[in-house]
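Here's a quick look at one model, starting with the overall picture of a chain and then zooming in on a single residue.

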Amino acid sequence: MITIKHLSHEFEIGKKGSKSIIPVLKDVSLEVKKGEIVTIVGRSGSGKSTLLNLVSGFIRPKKGEISINGVQTSTLNESKFADFRIEHLGFIFQSFQLIPSMTAYQNVELPLILKGVKESERRKRTAEILELVGLLDYQDHYPGELSGGQQQRVSIARALIVNPPIILADEPTGSLDSDTEDDLLKFIKKLNEELGITFLIITHDEKVARIGHRTIELRDGRVLEEVYGYEA
Amino acid sequence: MKLKDQFRFVQQNMKKNKTRLFMTILATAMSVAFLIVLASVGFGLHKSIVKETLERRIVTEIEVPGKEIESGGFSVLTDKDITFFEKIEDVKAVTRRKNLQDYSFEVDTHQTYAQAVVANMPAEIAAGLELAAGRLPEKGNEILVGYHFVENLRPAAENGEEVYDEQGNIKEEFRFKEDLIGKKVTMNVLKLEEGKELTESLELTIVGIRKQPTKEWVYDPLVFVSEDVLKKVEAFTGTPRGMMKDSNNADTDPLSIPADQYDHVKIYANDMESVKAITTELEANNYPSYSVINELKDVNVMFTIVKAGLIFIGTIAILIASIGIYNTMTMAVTERAPDIGIMKAIGANPGTIKKIFLLESSYIGLIGAAIGTIVAYAISFIVNFGLPLIIKQAFGEEPPEGLMFSHIPLSLPVISFVICYFVTILSGLRPAQRATKVDVLQAMRREV
């Protein structure tokens with residue numbers, strides 16, 4: 001499903017003349033299979049967020065290959081990656097990343113609008129997803145009027161609305177309290193088991209890491225070890 | 001993303017900073033109104049002049065004053081030239097007139113002075129001559145008079161001052177009130193002989209009256225006489241066209257004029273479109289010509305330049321307003337960077353984002369243009385209504401009748417919309433491109 005081969009990345013910092021290069025990922029290779037939940041753990045600066053951003057296409061790799069669903073995404077231009085992203089990837093962010101001027105309904109509907117789906121179909125699908133995440137009654141609320149957990153559910157609903165085969169999550173429970181975190185993790189597992197959605201989750205939280213079928217630890221930009229069946 | 005959704009997005013976004021949006025639209029509307037009102041002055045004056053020109057002349061009429069000759073100067077037109085004119089394609093008629101002098105005409109107890117003219121009646125009829133009463137002359141002593149001939153008839157015995165009113169018109173009670181048709185007229189022809197004035201009276205009969213000219217200001221007191229009358233006049237005076245010899249130098253013969261020469265030749269085209277081809281043909285054969293169409297061509301060229309200049313000045317105003325649009329759009333991109341980042345993260349195509357921002361800037365431009373156009377129409381109406389009153393009050397003078405200070409043809413708002421749309425797209429282009437370059441990670445890191 002996701003294949004990463006010899007992926008290396010580095011950041012340039014400083015101004016012209018005094019630039020320095022910071023290597024972040026060094027020859028990382030890994031594979032995420034269909035239907036798997038893979039969690040990536042590591043200390044701050046280990047390169048886990050960079051890895052997720054590279055897979056998401058938010059930054060382009062310096063070296064190596066990334067292939068998702070058989071498509072070499074590392075060679076796609078920005079426009080083609082955008083089209084690919086909306087078809088194949090869903091995102092859950094630590095700070096939810098909802099548009100504050102839009103209601104829960106409008107935030108969830110947004111990917112369908114961007115895809116050019118008909119309004120009648122959008123209405124039906126958005127209601128279904130909001131029902132699934134238990135927020136149908138809150139559809140007219142703005143993000144500022146929802147709790148952290150509810151906002152993250154909206155964020156998940158938005159990720160699910162286009163039926164993506166893969167969801168990439170960056171610290172999905174980072175802004176949630178313990179009880180809400182548990183609910184969310186259960187929900188992720190439910191989505192994985194019932195809908196077969198593949199999850200690639202970046203976390204530094206051990207509880208989150210445990211829901212993965214596999215956990216990969218990164219240290220200093222390299223894959224340190226893989227732990228199988230941590231929870232499963 | 002569907003266009004309808006893009007519009008919905010734009011409308012939602014525009015609601016976010018209503019004051020800024022209002023000011024930007026206001027600036028655009030003012031600049032568009034300025035452009036339209038400014039150019040409308042050019043259009044108004046152009047229309048007034050064209051109207052004035054067309055009212056005074058017949059558009060299919062071509063005046064030919066003579067023929068250019070190799071040695072320089074002009075030769076007077078003769079039957080040979082007339083034959084040539086009649087053969088030109090799309091020529092409907094060629095009227096030719098020989099002008100005699102002003103003579104005294106007596107009808108019963110009334111008299112008047114009027115110019116006598118010899119005309120080719122079939123050509124005059126073909127050119128559009130119509131009668132108000134009577135028929136065309138058939139015999140040598142029959143004449144046709146102009147519509148206003150009767151208005152100038154005054155009692156011969158009355159004192160001049162009593163006959164005329166304050167406006168210089170003959171008072172009602174002194175006017176000739178009988179039917180002119182069939183009336184005998186005495187045409188008094190004068191000549192000088194040994195310092196004395198001798199008169200020959202020719203007995204003529206009025207058989208027809210020309211129709212009232214369609215233009216109110218045209219005055220037609222002419223008397224159309226036959227070639228026979230001309231011959232009698234020339235035989236009596238011994239001069240061509242009955243010209244008077246110089247009383248101080250009676251021995252000098254006036255310039256001799258051959259019998260087939262014409263003083264006034266006009267060509268009438270079948271339609272307005274043929275005028276250009278006919279004048280080209282005339283020019284190619286050394287006949288300078290004058291027509292209202294040619295005159296209008298020059299007027300149109302001049303006013304096209306003037307109007308283009310005014311539109312250009314107006315466009316500068318729109319360009320200034322576009323700075324406001326550029327600023328508004330740049331601010332909008334900066335403020336909405338987090339939203340743009342989120343949209344890009346979930347799969348918005350950069351092209352779609354660019355389109356949304358271009359749509360927004362063009363939306364501002366078009367709303368501004370629409371408001372500006374309405375305002376411009378209102379100003380134009382006020383100017384046309386109010387300025388003549390102001391001029392009258394301030395300077396005590398009536399502006400020329402029918403003068404249009406401001407005219408907004410449909411083409412002007414269309415031009416303004418196109419210019420405004422083009423300029424707003426241009427001013428929104430860079431901010432829209434900036435929006436596509438928003439870095440997803442940086443944008444999402446900001447506090448929303």
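## Chain A overall, then B:Thr28

Of the 232 residues in chain A, 52% count as buried, meaning under 20% relative accessible area with a 1.4 Å probe and protein chains only. Keep in mind that this is a predicted model, where local features need pLDDT of at least 70, side-chain atom pairs count only at pLDDT 80 or more, and totals for chains, interfaces and linings use all residues. Residues are numbered from 1 along each chain as its sequence is written, chains are lettered from A in the order in which they are written, and side-chain values use heavy atoms, with hydrogens and water left out.

Chain A has 7 helices and 10 strands, both being DSSP runs (H or I, at least four residues, for helices; E, at least two, for strands). Its radius of gyration is close to what the globule rule gives for 232 residues, so chain A is as compact as a globular protein of that length. Both values are in the table; the radius is taken over C-alpha atoms, and the rule is 2.2 Å times the number of residues to the power 0.38.

| Chain A item | Value |
|---|---|
| Radius of gyration | 18 Å |
| C-alpha trace along principal axes | about 50 × 40 × 35 Å |

Over in chain B, B:Thr28 sits in helix α2 (residues 18-56). Is B:Thr28 buried or exposed? B:Thr28 is buried, at a relative accessible area of 1%. Leaving out residues up to four places away in sequence, B:Thr28 touches B:Ala321, B:Ile325, B:Ile364, B:Gly365, B:Gly368 and B:Cys420, a contact being heavy atoms within 4.5 Å.

Terms used. Buried means under 20% relative accessible area, exposed over 50%, partly exposed in between (1.4 Å probe, protein chains only).
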